[in-house]
Amino acid sequence: MNSELLIRSVRPWPSTADTPPLDVHCRDGEILAMAPNLTCPPGAEQVDGRGGVLLPAFTDAHARLDSVEDLRAAVSAGATLIRWHVPLDRVRAALSARDEVSGLAEVQVVASPVNGVLREEDGLDRLDAALAAGADVVGGVNPAGVDRDPVRHLDIVFGLAEKYQRGVDLVLTDPGELGLFELELVCERTAALGLGGRVAVSRCTALSIVDEVPRGRLLDQLAENEVGVIGVDESLPLRELRQAGVRVGLGGGADLLERAWRLADRVGYTTDNLVEMCVDAASRGGAAVLGERDPGRGLVEGDRADLVVLPSSTVVAAATERPVRTLVVHRGRVVA
């Protein structure tokens, strides 16, 4: 296996079509150098980016998958960090699929009690067993709307997170004031257990349909307690979340670039900088929510060499056109 890779002729995050191309030298999973006309080291693999758009590889922060074939398809679309929500009866199969693609992408398996922790038969014991078997993240769903006991639900989820030293990812679709109440409870638990940076909430329907004042208060709480938000539908108030300092990722689509474009279109982001913000949420933003730290996913020397190249003129053009990927790189290796 080559530990060095030289990507010829790519244009990192080009906002304009006249951005000049350069080469990218990767070694041991990180970006070592970026400059025009780099010398190819002896023994390094060399590939041609053909002047395409270079982006950090995508992060599917809430994947909807059924099989290892779906995982491979996600990698081909440019995702090298994937959080897979899995019902409790399928966790062991998902763990096997995760191991099968370990050289292609990093996969986090969320043990998800889709019918509730309390209402699902033997939900607590099965959730505990899934984590003992190797699930990466403790899941939960609508502590009030499904289990009708948000305090007990969160006691269990956060208790297991503390027991197994895992992160938490809660799907919250309860609307309005009920949804805000649940999010406030999540922030309180996160602070009490020192889990800042390891807790995420997916969907968060309440953030899109409540009044501005309570939403602004809650955004400040999410940012203060380092609770990340994962957008799955197209109503996510991305700009407000980012302005408040909340880490935001995207998920729920086979092609994260399409998810970014659909979000921009749905909420009326028409300027290039706002479309690029959506693309960033689909790559670096999602990685931050899922706990990826230094070296982070980016496009400067020292960053993680998880990259995707597309045959487009600019970032916005890539989001609009969503062409077949030229290259996908994971930890400095070409994987698609």
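**View 1. Lining of the largest pocket in the predicted model.** The residues lining the largest pocket divide into seven nonpolar, three polar and three charged. The model is predicted. The pocket has a volume of about 190 Å³. Of its 13 lining residues, His 62, His 85, Ser 112, Val 114 and Val 171 are the closest to the centre. S6 supplies the largest share, three residues.

**View 2. Thr 80 in strand S6.** Thr 80 sits in S6 (residues 79-87). Thr 80 counts as buried because its relative accessible area is 0%, under the 20% cut-off. Its side chain makes a polar contact with the side chain of Arg 297, at 3.0 Å. Beyond neighbours within four places in sequence, Thr 80 is in contact with residues including Ala 57, Phe 58, Leu 104, Glu 106 and Asp 306. Val 328, Val 329 and His 330 are also among its contacts.

**View 3. Strand S13, covered on both faces.** S13 spans residues 307-310. In a regular strand, side chains alternate between the two faces of the sheet. Leu 307 and Val 309 lie on one side of S13, Val 308 and Leu 310 on the other, and all are buried.

**View 4. Strand partners of S13.** Strand S4 (residues 45-56) runs antiparallel to S13, joined by four bridges. Here Leu 54 stands opposite Val 309. Strand S14 (residues 327-330) also pairs with S13 in the antiparallel sense, over three bridges. Val 329 in S14 is the bridge partner of Leu 307.

Note on methods
Residues are numbered from 1 along each chain as its sequence is written. This is a predicted model: local features need pLDDT of at least 70, side-chain atom pairs count only at pLDDT 80 or more; totals for chains, interfaces and linings use all residues. Side-chain values use heavy atoms; hydrogens and water are left out. Buried means under 20% relative accessible area, exposed over 50%, partly exposed in between (1.4 Å probe, protein chains only). Helices (H or I, at least four residues) and strands (E, at least two) are DSSP runs, numbered from the N terminus. Two strands pair if DSSP finds at least two bridges between them. A polar contact is a pair of N or O atoms within 3.5 Å; within protein, one must be able to donate a hydrogen and the other to accept it, and residues adjacent in sequence count only if both atoms are side-chain atoms. Contact means heavy atoms within 4.5 Å. On a 1 Å grid over the protein atoms alone, a cavity is a set of points where a 1.4 Å probe fits but cannot get out, and a pocket is an open set with protein on both sides within 12 Å along at least five of seven lines; lining residues have an atom within 4 Å of a point. Grid points are joined across faces, edges and corners, and a volume is the space filled by probe spheres set on the points. Ala, Val, Leu, Ile, Met, Phe, Trp, Tyr, Cys and Pro count as nonpolar, Asp, Glu, Lys and Arg as charged, and the others, Gly among them, as polar.
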